[in-house]
Protein chains: 2
Amino acid sequence: MTRYRITVEYEGSGFVGWQRQDNGFAVQEAIEQAIEAFSSEKVTVFGAGRTDAGVHALGQVAHFDLVRETPAHTVREALNHYLRPVAAVILDATPVDDDFHARFSAIGRRYLYRITNRRSPLAIGRGLSWRVAVPLDAAAMHDAAQVLVGHHDFTSFRATVCQAKSAEKTIDRLDVERDGDEILIHVEARSFLHHQVRNIVGTLKWVGEGKWGRRDVEKALAARRRAAAGETAPAEGLYLVAVRY
Amino acid sequence: MTRYRITVEYEGSGFVGWQRQDNGFAVQEAIEQAIEAFSSEKVTVFGAGRTDAGVHALGQVAHFDLVRETPAHTVREALNHYLRPVAAVILDATPVDDDFHARFSAIGRRYLYRITNRRSPLAIGRGLSWRVAVPLDAAAMHDAAQVLVGHHDFTSFRATVCQAKSAEKTIDRLDVERDGDEILIHVEARSFLHHQVRNIVGTLKWVGEGKWGRRDVEKALAARRRAAAGETAPAEGLYLVAVRY
């Protein structure tokens with residue numbers, strides 16, 4: 001048996017998310033079917049992050065086992081061949097030790113949230129960014145974001161359906177920068193709560209439009225109630241960029 | 001009568017190009033229909049550059065006349081409303097003098113060509129970049145590209161169907177740079193021949209993969225025969241970035 005670690009890029013709009021669901025096609029499923037198509041082995045693919053429907057990945061990491069040993073580059077090429085009909089590709093495949101686990105071995109996850117801040121809707125890259133028409137102050141967003149960096153109880157920023165036992169998480173980095181009419185939000189942590197990044201972005205958007213100040217973000221964090229923080233930013237702007245081991 | 005200058009962004013894959021054709025839907029047509037829908041005026045929209053099928057625009061410029069005076073921001077918002085079903089948006093609308101002509105007043109056009117240089121196909125941004133699997137040497141491409149800068153007879157780089165009277169053009173800038181696995185080719189000239197940018201890019205690709213050197217590009221240019229230069233790069237990587245007046 002050989003364990004393979006794969007790095008996966010996907011465009012989230014055509015999927016119900018990473019994880020298999022009853023209501024549609026998941027990235028995990030697409031990859032499992034591609035593996036079966038080339039190897040005739042039925043496997044389960046384990047991903048590092050369970051991205052929601054519509055969320056993209058530039059570098060999702062996953063692992064699976066094959067009974068028949070196959071060169072890693074053959075695995076990559078064969079999977080990409082069978083994945084052709086869907087918006088997912090394998091960027092890299094590597095044999096790893098049996099104790100490697102894409103989810104449990106991960107020590108860091110990096111996300112990017114893209115806002116296109118302009119009046120006109122998007123013609124290019126629809127579904128790849130959140131278009132916000134009202135002008136946003138990226139510097140104010142960055143400043144307020146620093147309130148959330150560090151170890152906190154993020155109850156105000158997690159989905160009410162979130163099943164994690166604890167709402168305590170440590171955000172290592174939360175940077176907001178403007179590049180022309182794009183606002184890029186970079187966030188890193190060991191792990192995240194359900195909707196945590198999108199709820200943070202939705203809250204920072206309120207700061208960007210001047211509706212909220214840094215102090216309001218402090219109060220929202222301290223309140224430990226979901227209703228105390230801002231809106232949930234749409235899935236289409238969110239990218240799982242990389243997973244660290 | 002008021003003349004309006006508009007700046008247009010579009011994703012080329014759903015269109016037969018800028019200009020009206022018998023075989024499908026053109027960007028020009030989409031805008032003319034949107035104008036008629038909001039103003040009930042039947043107009044002709046004149047564009048600065050007749051982009052081919054599949055070519056994108058970040059800043060195409062066009063003009064048209066309306067009998068009934070309408071605030072420019074209303075024109076923009078109304079057009080964007082009616083353009084919703086298609087991948088084209090109006091970034092800007094401004095009233096201009098009657099002697100402004102989007103095509104004939106233009107003194108410069110800037111294009112960008114995007115290559116994604118990696119083994120794996122694209123999952124995100126399919127149709128927005130040319131994926132080239134063989135590793136390309138961007139520095140060698142940039143060096144060889146300088147052969148084409150300046151005033152030359154570009155017969156070797158124009159489509160055989162090109163109808164321009166003269167093949168002499170002046171390229172003001174032709175820069176090739178690498179940004180991660182992206183290769184960006186920036187090119188500026190007063191005007192271009194049919195397929196000129198795509199034929200230049202296809203030729204530079206040969207240099208990038210080591211099949212050709214700078215000297216071969218010189219010989220191709222001197223030959224003044226289309227067959228002497230490289231392949232035609234696909235439309236999907238090409239963007240009309242801006243038009244200067």
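B:Thr116 stands opposite B:Arg131, a residue of strand 6 of chain B. The model is predicted, so local features need pLDDT of at least 70 and side-chain atom pairs count only at pLDDT 80 or more, while totals for chains, interfaces and linings use all residues. Residues are numbered from 1 along each chain as its sequence is written, chains are lettered from A and ligands numbered from 1 in the order in which they are written, and side-chain values use heavy atoms, leaving out hydrogens and water.

- Strands are DSSP runs of E with at least two residues, helices are runs of H or I with at least four residues, and both are numbered from the N terminus.
- Two strands pair if DSSP finds at least two bridges between them.
- Strand 5 of chain B, residues 108-117, joins strand 6, residues 130-132, through 3 bridges, and these two strands run parallel.
- With strand 9 of chain B, residues 182-189, strand 5 pairs in the antiparallel sense over 8 bridges; here B:Leu112 has B:His186 as its bridge partner.
- Strand 10 of chain B, residues 238-244, also pairs with strand 5 in the antiparallel sense, over 6 bridges, and B:Val243 is the bridge partner of B:Arg109.
- Strand 5 of chain B is mostly covered, with 8 of its 10 residues buried (under 20% relative accessible area, with a 1.4 Å probe and protein chains only).

**B:Ser39 in helix 1 of chain B**

- B:Ser39 belongs to helix 1 of chain B, which covers residues 27-39.
- Because its relative accessibility is 11%, B:Ser39 counts as buried.
- B:Val67 is 28 residues from B:Ser39 along the chain, and the C-alpha atoms of the two are 9.3 Å apart.

**Chain A as a whole**

- Chain A contains 5 helices and 10 strands.
- The radius of gyration of chain A is 19 Å, close to the 18 Å of the globule rule for 245 residues, so chain A is as compact as a globular protein of that length; the radius is taken over C-alpha atoms, and the rule is 2.2 Å times the number of residues to the power 0.38.
- Along the principal axes, the C-alpha atoms of chain A fill a box of roughly 60 × 40 × 30 Å.
- Of the 245 residues of chain A, 55% count as buried.
- Among contacts in chain A (heavy atoms within 4.5 Å) between residues at least 6 apart in sequence, 69% join residues at least 24 apart.

Notes: Buried < 20%, exposed > 50% of the residue type's maximum accessible area, 1.4 Å probe, protein only.
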